[in-house]
Amino acid sequence: MVSAALTTWEGQVSLYDPARGGPCLTCVFPHAPPVIEDCSVVGVFGPLPGIIGTMMAAEVVKALTGAGEGLRGRLMIYDALYADMRIIRTKADPACPTCHGMGAVK
């Protein structure tokens, strides 16, 4: 599953694929984060959904074709305000109630 989230000036994208060695969404986010800013109040930078959506499409193509290095086990965060991009490594949780750590290194 390729997933993304947006808030004001930032977006994040990842590939959740426990069957192929990556964590699932619950492994990375076991609890819903608190709502800090409501997008209906603070808005989202207009081009951001297109930018993040394009990144999602590229991840799908890479996952289907095996091209390049995808975001399985990594979370990419794009900050449009400061023109910054960073990647955070993620890992499967062996105690995950959703995937039971299917992607965890044994």
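## Cysteines without a disulfide

The structure holds zero disulfides, a disulfide being a pair of cysteine sulfur atoms within 2.5 Å. The sulfur of Cys24 has its closest cysteine sulfur in Cys96, 3.6 Å away, which is too far for a bond.

Are Cys24 and Cys96 buried or exposed? Cys24 is buried at 7% relative accessible area, and Cys96 is buried at 1%. Here buried means under 20% relative accessible area, exposed means over 50%, and partly exposed lies in between (1.4 Å probe, protein chains only).

## About the model

Please keep in mind that this is a predicted model, in which local features need pLDDT of at least 70 and side-chain atom pairs count only at pLDDT 80 or more, while totals for chains, interfaces and linings use all residues. Residues are numbered from 1 along each chain as its sequence is written, and side-chain values use heavy atoms, with hydrogens and water left out.

## Ser14 in strand S2

Ser14 is part of strand S2, residues 10-15. Helices (H or I, at least four residues) and strands (E, at least two) are DSSP runs, numbered from the N terminus. Ser14 is buried, with 1% relative accessible area.

Which residues are in contact with Ser14, once neighbours within four places in sequence are left aside? They are Met1, Val2, Ser3, Leu71, Arg74 and Leu75, where contact means heavy atoms within 4.5 Å. With Arg74 there is a further detail: a polar atom of the Ser14 side chain lies 2.7 Å from the backbone oxygen of Arg74.

Leu25 lies in helix H1, residues 25-28, and is partly exposed at 34% relative accessible area.

## Phe45 between two helices

Where does Phe45 lie? Phe45 is in the loop between helix H2 (39-42) and helix H3 (48-65). Phe45 is partly exposed, with 30% relative accessibility.

Beyond its neighbours within four places in sequence, Phe45 is in contact with Thr8, Trp9 and Ala80. Gly66 is 21 residues from Phe45 along the chain, and their C-alpha atoms are separated by 32 Å.

Conventions:
A polar contact is a pair of N or O atoms within 3.5 Å; within protein, one must be able to donate a hydrogen and the other to accept it, and residues adjacent in sequence count only if both atoms are side-chain atoms.
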